[in-house]
Amino acid sequence: MRINIDHISAFNKEQEDSYIDELDLLKNRFSKKGISIDKIIQKVADFQVAIPSWALGAGGTRFGRFSYGGEPASLEQKLDDIGVLQALTKSAGAVSLHIPWDIPDDVKAIKEVAQSHGIAFDAMNSNTFQDQPDAKETYKFGSLSNTDPAAREYAIQHNKDVIKIGKELGSKSLTVWLADGANFPGQNNFQRALNNTEDSLKSIYKVMPEDWKLFIEYKPYEPNFYSTVIQDWGTSFMLANACGERAYTLVDLGHHLPNTNIEQIVATLMLKGKLGGFHFNDSKYGDDDVTVGSIKPYALFLIFNELVYGMKNNPQNPGLSWMIDASHNTKDPLEDLLQSLEAILIAYIQALLVDQKALSIAQQEHDVVRCQEILQDAYRNDVRPILKAAREKSGAAVNPLQAYRELGVRKELIKERGTKTMATGL
Ligand SMILES: [Mn+2]
């Protein structure tokens, strides 16, 4: 299933002028504050979010997995699915591959498929959280932190292999997320586990090409329930500093205990030039991996407010690697990803509408009430007309989800692939 430009322009023609009046209202309102909606439209049109190769299959839990038909059965088909998202939104122009779930058999052919969809290769993800059928060592008691040097070396070598595959594909970064930790008090010597992890990460960093970045992700609990070796941003930050200049912390929204002030974490990391990447999802209780913006959209806006401020004021921080890291138990994953992309861009636009100059003055004057008013004045807008204008500008469908349904994409995919296919991944 390929969506071409004719599909999109025919769809957009039917929607013509449906948002122009509302857009003009927003332009008038915000130009009085010196905020240019046209500049925001361009920024939104340029914003790209990577889609992970494991998000295209039916997500599941340890209790079950329910298929929806037409799942991608190969890496090529996964790229085709991202191609659908990219054609509809023009904001999903990258894939983040997971190794070993998605080792390309033919690198050249895979690169061509990606290129034909306008998809770049974002960060590579290594997997040392489960044993593969032919594994020579086990990760049952940890990978980069394991007390057994042979298991550690095995995990280091896996990361080196991932870098090698990424180099061939044109990726420029490696994301390391470790499941390492302990299920019970006393199981691990915290200091030894941390030291082992630092040494292992340094050996991986050492072989990374000069133009690559290392992203170190953290998570407070799960799959281990007592302790996690890289439990928080501070530990990740410390390890990134120990590795070197091109090692960064990666923040995943769902990898925090409830009510953690994530906006403050991203602000601190950007000030220190150490925020490398950001994973989007949403949650109610833990690492729930539900659709972005479906539970706490105001929190997402506050985070984006700090990201926008940081991108403007912290040249010491590099451009960020953005990725959706979510799962879908009961939804068509492509529809879920379209909803996530929509929520990300809406929060981004709302943050771009914050009157930063007025906010800075109100902060200086300790006008607490005014500070809140300024934030809410940006947040309480229906910014979808701006998003539609950005989409039209970049050749995307003004309403991607509606276009997806009207074009009958899922029906077409089921016809092509059948109802029994299953994607590798979670
Ligand atoms: Mn993640």
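The model is predicted: local features need pLDDT of at least 70, side-chain atom pairs count only at pLDDT 80 or more, and totals for chains, interfaces and linings use all residues. Residues are numbered from 1 along each chain as its sequence is written.

**Overall form**
- The chain has 16 helices and 14 strands, taken as DSSP runs (H or I, at least four residues, for helices; E, at least two, for strands).
- The radius of gyration, over C-alpha atoms, is 22 Å, which agrees with the value near 22 Å for a compact globule of 426 residues (2.2 Å times the number of residues to the power 0.38).
- The C-alpha trace spans about 65 × 60 × 40 Å along its principal axes.
- Of the 426 residues, 48% are buried (20 or more other C-beta atoms within 10 Å of a residue's own, with C-beta atoms placed from the backbone).

**Annotated domain**
- UniProt, in an unreviewed entry, places "domain: Xylose isomerase-like TIM barrel" at residues 102-289; such annotations may be inferred rather than shown by experiment.
- Residues 102-289 are 38% helix and 16% strand, with end C-alpha atoms 21 Å apart.

**Helix pair H3 and H11**
- The axes of H3 (residues 37-46) and H11 (residues 333-352) come within 10 Å and cross at roughly 145 degrees (lines fitted to C-alpha atoms over the stretch in contact; angles run from 0 to 180 degrees between N-to-C directions).
- Ile40, Lys43 and Val44 of H3 make the contact with Leu345, Tyr348, Ile349 and Leu352 of H11 (C-beta atoms, placed from the backbone, within 7 Å).

Note on methods: Contact = placed C-beta atoms within 7 Å. Buried ≥ 20, exposed ≤ 12 C-beta atoms within 10 Å, placed from the backbone.
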